[in-house]
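Subject: Structure for your review

Dear colleague,

Please find below the structure that I am handing over to you.

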Amino acid sequence: MGKNDFLTPKAIANRIKAKGLQKLRWYCQMCQKHCRDENGFKCHCMSESHQRQMQIFGENSNRIVDGNSEEFEQSFLDLMKRSHRFSRIAATVFYNEYINDRHHVHMNSTEWATLTEFVKHLGRTGKCKVEETPKGWFITYIDRDSETLSRRG
């Protein structure tokens, strides 16, 4: 049996860890790379490819943040439309559903610093009905789909 055997407990544990969601703390949105720990993240940040990505970001930071914000909002609303089209749901509960997708756009790469800021944005732009309650923020998707509107009208 070799050192790097496929069925060793260590190899199995590494595959399981690589499959699941990892801490956001060690995620680089620019490179779309998850690192398992601080040392891995530090090594990643020193890499040539990361340095190139950061140089690109420095030249177009507004465009990149705007693109990430647009993509985040669109995917958030698409999931909401599919899973909670006509229901009112706690923003934090729905956000947890959203981040279950391993390949989601991370909020820390958008123009919104907090979920509350993002929820208020959805309310201001008329994409969701937003309510602040003692139990937190609740959102309801506003369906503007022409097919649904014509069936109701």
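Q32 is exposed, with a relative accessible area of 60%; buried means under 20% relative accessible area, exposed over 50% and partly exposed in between, for a 1.4 Å probe and protein chains only. This residue is found in the loop between β1 and β2. The phi of Q32 is near 55°, a positive value in a residue other than glycine. Most residues other than glycine have a negative phi.

The model is a predicted one, in which local features need pLDDT of at least 70 and side-chain atom pairs count only at pLDDT 80 or more, while totals for chains, interfaces and linings use all residues. Residues are numbered from 1 along each chain as its sequence is written, and side-chain values use heavy atoms, with hydrogens and water left out.

Overall fold

The secondary structure comes to seven helices and five strands. Here helices (H or I, at least four residues) and strands (E, at least two) are DSSP runs, numbered from the N terminus. From the N terminus on, the order of elements is α-β-β-α-α-α-β-α-α-β-β-α. Of the 153 residues in the protein, 31% are buried.

Strand β4 (residues 128-133) contains E132. With 61% relative accessibility, E132 counts as exposed.

Cysteines

How many disulfides does the structure hold? The number is zero, a disulfide being a pair of cysteine sulfur atoms within 2.5 Å.

Two of the cysteines may be of interest to you. C43 has its closest cysteine sulfur in C35, at 8.5 Å, which is too far for a bond. With a relative accessible area of 48%, C43 is partly exposed. C28, by contrast, counts as buried, at 6% relative accessibility.

Pockets

Two pockets are described here. On a 1 Å grid over the protein atoms alone, a pocket is an open set of points where a 1.4 Å probe fits, with protein on both sides within 12 Å along at least five of seven lines; lining residues have an atom within 4 Å of a point. Grid points are joined across faces, edges and corners, and a volume is the space filled by probe spheres set on the points.

The largest pocket holds about 220 Å³ of space. Its lining consists of Y27, Q29, Q32, K33, H34, N68, E71, R102, H103, H104 and V105. Two or more of these residues come from each of β2 (33-34) and α4 (61-83). By class, the lining has two nonpolar, six polar and three charged residues. In this classification Ala, Val, Leu, Ile, Met, Phe, Trp, Tyr, Cys and Pro count as nonpolar, Asp, Glu, Lys and Arg as charged, and the others, Gly among them, as polar.

The second largest pocket holds about 180 Å³. Among the residues that line it are Y27, C28, M54, F57, N68 and T110. The elements giving two or more residues to this lining are β1 (27-28), α3 (48-59) and α4. Helix α4 provides the largest share, three residues. By class, the lining has seven nonpolar, five polar and no charged residues.

Aromatic contacts

The structure holds 10 aromatic pairs. Rings of Phe, Tyr and Trp (its six-membered ring) pair if their centres lie within 6.5 Å; planes under 30 degrees apart count as stacked, over 60 as edge-to-face and the rest as tilted.

F72 and F118 form an edge-to-face pair, 4.9 Å centre to centre with 70° between the planes. Because F72 lies in helix α4 and F118 in helix α6 (residues 115-124), this pair ties together parts that are 46 residues apart in sequence. F72 is buried, at 0% relative accessibility, and F118 is buried, at 0% relative accessibility.

F76 and F118 also form an edge-to-face pair, at 4.9 Å centre to centre and 85° between the planes. F76 lies in helix α4 and F118 in helix α6, so the pair ties together parts that are 42 residues apart in sequence. F76 counts as buried, at 0% relative accessibility. One aromatic cluster is formed by F72, F76, F94, Y95, Y98, W112 and F118.

Finally, R88 lies over the face of F138, at 4.1 Å from the ring centre. A charge sits over a ring if NZ of Lys or CZ of Arg is within 6 Å of the ring centre and within 35 degrees of the ring normal.

With kind regards
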